[in-house]
Amino acid sequence: MNEAKKVKYFSKEYWKLNWKFILIDLAIFISVFLFFLMIDLVTKERIFKWEDKTKLIVDHKPVYESSFITFKSILHQGTTLGFQENNLGFLHFISFLIFFGALFAVTFIRDKKLIYITVFLAIVSAGAFGNMIDRFLFAGVRDIINLPWVNQGVFNFADVWLVLGGIGILVAIITEAILSNIRTRKARNMQIEKIMQSKNNEEQNQNDL
């Protein structure tokens with residue numbers, strides 16, 4: 001493992017040393033990505049209603065309505081946060097960037113304890129890809145879920161994946177930073193203790209003489 005850490009990422013040695021774990025990581029990434037992407041696409045297909053799909057005319061009547069959750073159809077031309085509303089090209093670019101950036105990041109993960117980061121990267125990618133597919137097909141995103149007790153905003157599972165995955169990655173980074181700091185302090189303290197013990201032993205030996 002120490003040898004693997006010294007090898008540069010773009011070198012042949014890196015891939016020779018880590019190819020098995022990278023393949024496992026990529027397999028986990030693709031599996032999770034497809035699972036969450038299918039949830040998003042299937043729910044949109046089942047819940048979202050059109051008056052005339054060929055003309056992109058939406059049927060806005062709620063499919064299901066309660067005080068807790070409402071399912072209805074809204075074709076959203078921008079993003080849930082209102083970012084770059086009319087710039088589809090930019091939004092496509094960001095979606096591709098998220099997916100390939102996550103895929104690239106996965107190849108750096110070589111510790112089994114960090115597999116959960118791969119899962120969160122896949123969830124974020126599924127969210128970005130799910131909405132990107134909608135923008136390619138309909139020049140907008142099919143939003144289907146509203147929580148009346150929160151606000152009047154409508155979203156979809158892809159939006160949920162983006163938020164969930166983003167929070168997961170952020171928590172993972174903070175957690176790993178804290179644990180790394182704790183491990184470094186422990187290693188430093190152990191080193192200091194060894195040095196102090198060695199000095200005490202030397203003094204003891206001199207006193208014995």
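Which residues make a nonpolar surface patch of about 430 Å²? The answer is L170, I174, I178, L179 and I182. Keep in mind as you look around that this is a predicted model.

- L179, one of the patch residues, sits in helix α5, which covers residues 157-208.
- The relative accessible area of L179 is 35%, so this residue counts as partly exposed.
- As background, an α-helix has 3.6 residues a turn, so residues three or four places apart point the same way.

**Annotated transmembrane regions**
- An unreviewed UniProt entry carries the annotation "transmembrane region" for residues 21-39, 90-109, 114-133 and 153-179.
- In the model, residues 90-109 are 85% helix and 0% strand, with the end C-alpha atoms 29 Å apart.
- Residues 114-133 are 95% helix and 0% strand, and their end C-alpha atoms also lie 29 Å apart.

**Helix α4 and what follows**
- Helix α4 runs through residues 115-138, and its 24 residues reach 35 Å from first C-alpha to last, close to the 34 Å expected at 1.5 Å a residue.
- Because 18 of its 24 residues are buried, α4 is largely enclosed by the rest of the structure.
- Just after α4 comes A139, which takes a positive phi of about 55°.

**The sheet**
- An open sheet is formed by four strands in the order β3-β4-β5-β6, with antiparallel pairing.
- Its edge strands, β3 (64-65) and β6 (154-155), each pair on one side only.
- Strand β5 (residues 141-146) is joined to β6 by two bridges, and the two run antiparallel.
- Across this pairing, I145 stands opposite F155 in β6.

Definitions and conventions:
Residues are numbered from 1 along each chain as its sequence is written. This is a predicted model: local features need pLDDT of at least 70, side-chain atom pairs count only at pLDDT 80 or more; totals for chains, interfaces and linings use all residues. Side-chain values use heavy atoms; hydrogens and water are left out. UniProt positions are given in the numbering used here, feature names are shortened, and annotations may be inferred rather than shown by experiment. Patches are made of residues with over 30% relative accessible area and no salt bridge: like charges are joined within 9 Å, nonpolar side chains (Val, Leu, Ile, Met, Phe, Trp, Tyr) within 5 Å. Accessible areas come from the Shrake-Rupley method with a 1.4 Å probe; for residues, only the protein chains shown count as cover. A salt bridge is a side-chain nitrogen of Lys or Arg within 4 Å of a carboxyl oxygen of Asp or Glu. Buried means under 20% relative accessible area, exposed over 50%, partly exposed in between (1.4 Å probe, protein chains only). The expected span of a helix is 1.5 Å times one less than its number of residues. Two strands pair if DSSP finds at least two bridges between them.
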